[in-house]
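Have the structure open as you read.

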Amino acid sequence: MTRRKLIAGNWKMHKTTAQAIQFANELLSRGAVGSAKTEVCLCVPSVHLYALAGIFEGSGVKLGAQNVYYEDEGAYTGEISCGMLAGAGAGYVIVGHSERRALFAETDDIINKKLLAVCSSPLNPILCVGENLEQREAGAERQAVGDQLEAALRDIGVRGVQRLTVAYEPLWAIGTGKTALPGQAREMCAFIRSKIESLYDGHAADRMRCIYGGSVDPVTAHDIVSGADVDGALVGGASLKPDVFFDIVNSVSNHT
Ligand code: PGA
């Protein structure tokens with residue numbers, strides 16, 4: 001089946017609300033963002049969701065969050081639920097980003113709980129997986145990513161998997177300026193799809209999207225996303241400037 005490409009920005013912990021609003025207005029002033037074949041989403045700090053939802057309404061630009069808690073409500077100071085994010089305008093949420101795994105002690109078990117909660121909410125999950133440099137150099141990238149997938153997707157079910165986007169983000173490529181080669185991205189996305197087919201079924205594996213993340217910029221975006229296996233990109237640093245992000249979206253949507 002032909003899957004719609006997804007270009008998702010990940011702002012991480014950047015921008016005040018005023019700066020976020022300025023970005024949104026500048027992005028929209030450049031013209032149509034995305035196309036029938038290319039969906040665009042910005043995963044922003046949750047405090048900006050409501051304001052940006054008003055600005056992007058009707059533009060086709062979707063919003064996402066970068067983290068979520070798995071309980072619906074209760075005494076969990078500082079946490080935000082799926083329902084709260086959806087109510088504030090999010091359609092997507094990143095789960096298991098490597099920075100959350102490394103800096104905030106998110107385990108495979110926590111990531112699985114978050115994914116289960118997201119899959120029974122209106123939000124669509126973007127699950128991040130990826131090997132570190134040591135694992136890549138030892139030729140153990142498939143083992144590392146396969147183990148992360150097995151743990152994260154436990155009990156998710158076929159319906160959850162169909163709504164899933166997996167972001168393959170090798171740790172050695174994140175924020176380093178060292179983008180993976182297009183062949184490496186294609187190979188790992190194909191592996192991820194085959195792993196999901198073995199965990200669930202071919203139909204679910206065929207419907208889910210697998211995107212690449214790690215130092216994507218306007219120069220590398222097109223080559224990385226071309227071909228059948230890579231369904232888009234998760235863009236960190238290069239999503240912070242409206243002109244740069246717009247160029248990335250265009251370089252993908254003009255060539256698909
Ligand atoms: P980067 O980040 O594009 O700045 O490498 C990607 C990510 O962490 O999602």
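Is Phe23 buried or exposed? Phe23 is buried, at a relative accessible area of 2%. Here, buried means under 20% relative accessible area, exposed means over 50%, and partly exposed is in between (1.4 Å probe, protein chains only).

## Ground rules

Keep in mind that this is a predicted model: local features need pLDDT of at least 70, side-chain atom pairs count only at pLDDT 80 or more, and totals for chains, interfaces and linings use all residues. Residues are numbered from 1 along each chain as its sequence is written, and side-chain values use heavy atoms, with hydrogens and water left out.

## Rings that pair up

Rings of Phe, Tyr and Trp (its six-membered ring) count as a pair if their centres lie within 6.5 Å; planes under 30 degrees apart are stacked, over 60 edge-to-face, and the rest tilted. That rule gives 4 aromatic pairs. One of them joins Trp11 and Phe23 edge-to-face, at 4.8 Å centre to centre with 75 degrees between the planes. This pair ties together distant parts of the chain, 12 residues apart: Trp11 is in the loop between strand E1 (5–10) and H1, while Phe23 is in helix H1. (Helices, H or I with at least four residues, and strands, E with at least two, are DSSP runs numbered from the N terminus.) Trp11 counts as buried too, at 0% relative accessibility.

Then there's Tyr69 with Tyr76, a tilted pair at 5.1 Å centre to centre and 50 degrees between the planes. Tyr69 is buried at 18%, whereas Tyr76 is partly exposed at 34%.

## Charges over rings

A charge sits over a ring if NZ of Lys or CZ of Arg is within 6 Å of the ring centre and within 35 degrees of the ring normal. Trp11 turns up again here, with Lys15 over its face at 5.3 Å from the ring centre. Arg100 does likewise over the face of Phe104, at 4.3 Å from the ring centre.

## Helix H2

In H2 (residues 49–56), Leu49, Leu52 and Phe56 are buried. They sit on the same side of H2 because they cover an arc of only 70 degrees around the axis, taken from the directions from the helix axis to the C-beta atoms. Their cover includes helix H1 (17–29), strand E2 (38–43), strand E3 (61–65) and helix H3 (82–88). After H2 comes Gly58, with a positive phi near 80 degrees.

## Gln148

Gln148 belongs to helix H7 (residues 141–152) and is buried at 15% relative accessibility. Neighbours within four places in sequence aside, Gln148 is in contact (heavy atoms within 4.5 Å) with Arg101, Asp108, Val129 and Gly130.
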